[in-house]
Amino acid sequence: MTALSPQALDGPVLVIGCGLIGTSVALALRQHDVDVVLHDALPGHAEVAVSMGAGRLLTDDVQPFLVVVAVPPSASATVVAESLLRWPDALVTDVTSVKSAIQSTVDEQPGADRFAGGHPMAGSERSGPMAASAQLFEGRPWVVTPGATTRPTALDAVVDLALHVGGVPIVMDPAAHDRAVALVSHVPQVMSTLTAARLNDAAGNDLALSGPGLRDTTRIAGSDSAMWLDILGTNARDVKAVL
């Protein structure tokens, strides 16, 4: 794993997906006066993000320098491929937490050399644009996973994106990334959810004995279950190996 030095980040930066991560990226970039353009399949999410000062809405005349795909994992590969096709001069990245699957799909698409995957190791059990924060990524690792054909300018742009939002960029192979997050993120999520599920039938007197340790252990069990089913299914092989 190697950290790189920053390069200049041009605009506009188009953020597709105005949930927790996408809106937080946009808010952090706006603090550096980067021109940010927003789009979401749910127009209301994009409008909320605009009202929070995260950027302006996408229009047909926008030609982004960098596209940040921040949609649910099951849709990421499709949206990345569509972005590479729609904006043939743009560099493209994503924030998906499983990298090998999306890289394999992108490798088969025209413009794959303009894609460099990314994964900010930050989040919250809350979701949606209202949960976003410009400080979400400060001091947190931001993994950059270039493919075999990724051009240097694409890699540099994603590294600089991470630096602009306060992250610590770390370059890794997609497969190595997936093995690492299975150990430090995906299996802990499973354990937290299982622990919380065991509490459903607990007697009130039993729960009265619980302390901050139990709250810490089960905090992330409140995360979006549909998203986590998607993540765990995509990274099932590595999660199984850890279990």
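Analyst: A salt bridge here is a side-chain nitrogen of Lys or Arg within 4 Å of a carboxyl oxygen of Asp or Glu. The model is predicted: local features need pLDDT of at least 70, side-chain atom pairs count only at pLDDT 80 or more, and totals for chains, interfaces and linings use all residues. Residues are numbered from 1 along each chain as its sequence is written, and side-chain values use heavy atoms, with hydrogens and water left out.

User: How many salt bridges does the count come to?

Analyst: The count comes to 3 salt bridges. In one of them, Asp113 pairs with Arg151, with the closest N and O atoms 2.6 Å apart. Asp113 lies in the loop between α4 (100–106) and β6 (116–120) and Arg151 in the loop between β7 and α5, so the pair ties together parts 38 residues apart in sequence. Helices (H or I, at least four residues) and strands (E, at least two) are DSSP runs, numbered from the N terminus.

User: And Asp94 and Lys99, buried or exposed?

Analyst: Both Asp94 and Lys99 are buried; buried means under 20% relative accessible area, exposed over 50%, and partly exposed in between (1.4 Å probe, protein chains only). Their salt bridge has its closest N and O atoms 2.8 Å apart.

User: Changing topic, what does Leu58 touch?

Analyst: Not counting residues up to four places away in sequence, Leu58 touches Leu14, Val37, Leu38, His39, Arg86 and Trp87, where contact means heavy atoms within 4.5 Å. Leu58 counts as buried because its relative accessibility is 19%.
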